[in-house]
Amino acid sequence: MDRGNKAPNLYGNKKSRIYMDLKGIIRENALPYLPAKSLFRCAGVCRGWRFQISTAFFAHNQSNSFRSISGFFFQSLAGMPAFMSLDPRAYGVPDPSLTFLREPVDVRTSCNGLLCCQGRTAYRPYYICNPANKQWKELPKPDGDHGPDPAVVLVFEPSIVNFTANYKLVCPFPSELGEYKFEVYSSDRGSWRTSGEIRFDDNEKLLPKTGVHVNGIVYWLSTRGVTSFDLNSELCRLFSSNLENLGMINGKLCAACIRNQKLIVFMLTNPQSHTRRRAAVKTWTRILPEIKLDSTLPVESNTCPCNYSGRYCDGHNQLHIVFVGDVVVLRKRNSYYCIDMNKKASNCLGEYIIHPYERFVGYVNGLVNLY
């Protein structure tokens with residue numbers, strides 16, 4: 001027997017093959033579904049993962065795979081942007097104040113990983129950026145005067161077949177005669193265009209930071225109800241509603257409100273009826289079982305006894321509601337709580353000193369590349 005030749009370590013080779021297979025499975029099937037902050041930590045696992053996460057193809061794949069709301073941008077009392085993470089261990093951005101932009105900005109709107117901000121100097125230019133990778137682009141000057149607090153809405157839907165981040169920015173603005181016009185910026189054209197649609201109503205005002213894009217239609221809360229603008233037909237409609245806090249669940253426009261200490265969610269079941277010239281038909285339907293706030297949140301059962309419908313309550317414990325996807329955030333004094341609509345579970349996000357009328361902007365912690 002030749003003692004110089006050792007028998008192959010079949011067990012060790014088998015473990016090595018299993019390890020390599022598992023690493024490949026995680027790399028191909030798990031990493032694209034992680035948020036940006038978690039991916040930056042994963043980049044330190046090995047050279048192969050670091051290289052893959054840094055590629056444009058992976059960023060494109062991740063922006064299509066990860067769509068979960070990760071937190072909210074808002075303006076702090078100091079006037080600087082700030083970020084409230086739903087889970088600081090998993091979601092976050094390296095510069096929540098957005099100082100990588102060329103000037104101080106106000107956060108206006110967000111969509112699927114991209115953030116739209118507005119500068120404070122000159123003509124107050126718009127900036128499109130991704131806070132996760134600090135990429136940004138300044139948009140050209142609009143033709144119309146959007147005012148100091150525009151109700152602008154960012155529309156961005158990542159596409160598997162399109163590696164370029166194509167987005168639109170929709171802004172309704174009042175003209176000198178008082179009617180509303182709609183100006184749309186398209187990244188494909190790189191320019192603004194004013195729609196021929198005009199909304200005549202002297203008593204109507206569209207509320208900033210309430211816009212929601214759902215299946216090609218943009219909706220805003222207004223002083224008269226809900227106003228919609230179809231991006232394809234460019235038709236504008238107003239339909240009455242006493243609901244507030246618009247959001248989206250499963251591709252449907254939804255609205256949340258609080259009544260008698262219960263969180264209630266409604267869904268618009270026939271959105272196309274609100275984009276035609278004829279009178280709209282009321283099609284709001286209650287979905288999901290109502291959630292009793294006194295049992296979900298750590299508050300006393302007798303707090304806020306008044307009926308509530310909106311984003312502010314005059315009771316002893318003020319409730320601030322933000323409705324984005326299946327996430328609802330409520331405010332009790334300076335503490336904020338996140339409610340998972342599916343799990344019916346609450347989580348304290350911490351204490352923040354924020355103006356009670358400040359509206360949040362939901363953000364997805366993605367790796368969208370702007371260039």
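## Contacts of A90

Leaving aside neighbours within four places in sequence, A90 is in contact (heavy atoms within 4.5 Å) with P35, K37, S38 and N365.

A90 sits in the loop between β2 (81-85) and β3 (105-111). Strands here are DSSP runs of E, at least two residues, numbered from the N terminus. A90 counts as buried, at 15% relative accessibility. Buried means under 20% relative accessible area, exposed over 50%, and partly exposed in between (1.4 Å probe, protein chains only).

## Model and conventions

This is a predicted model: local features need pLDDT of at least 70, side-chain atom pairs count only at pLDDT 80 or more, and totals for chains, interfaces and linings use all residues. Residues are numbered from 1 along each chain as its sequence is written, and side-chain values use heavy atoms, leaving out hydrogens and water.

## Aromatic pairs

The structure holds 18 aromatic pairs. Rings of Phe, Tyr and Trp (its six-membered ring) pair if their centres lie within 6.5 Å; planes under 30 degrees apart are stacked, over 60 edge-to-face, the rest tilted. F74 and Y352 pair edge-to-face, at 5.9 Å centre to centre and 85° between the planes. This pair links distant parts of the chain, 278 residues apart: F74 is in strand β1 (residues 69-75), Y352 in the loop between β22 (345-351) and β23 (361-364). F74 is buried at 3% relative accessibility; Y352 is partly exposed at 22%.

Y127 and W136 have ring centres 5.8 Å apart and planes at 65°, so this pair is edge-to-face. Y127 is buried at 0% relative accessible area, while W136 is partly exposed at 25%.

Notes
Helices (H or I, at least four residues) and strands (E, at least two) are DSSP runs, numbered from the N terminus.
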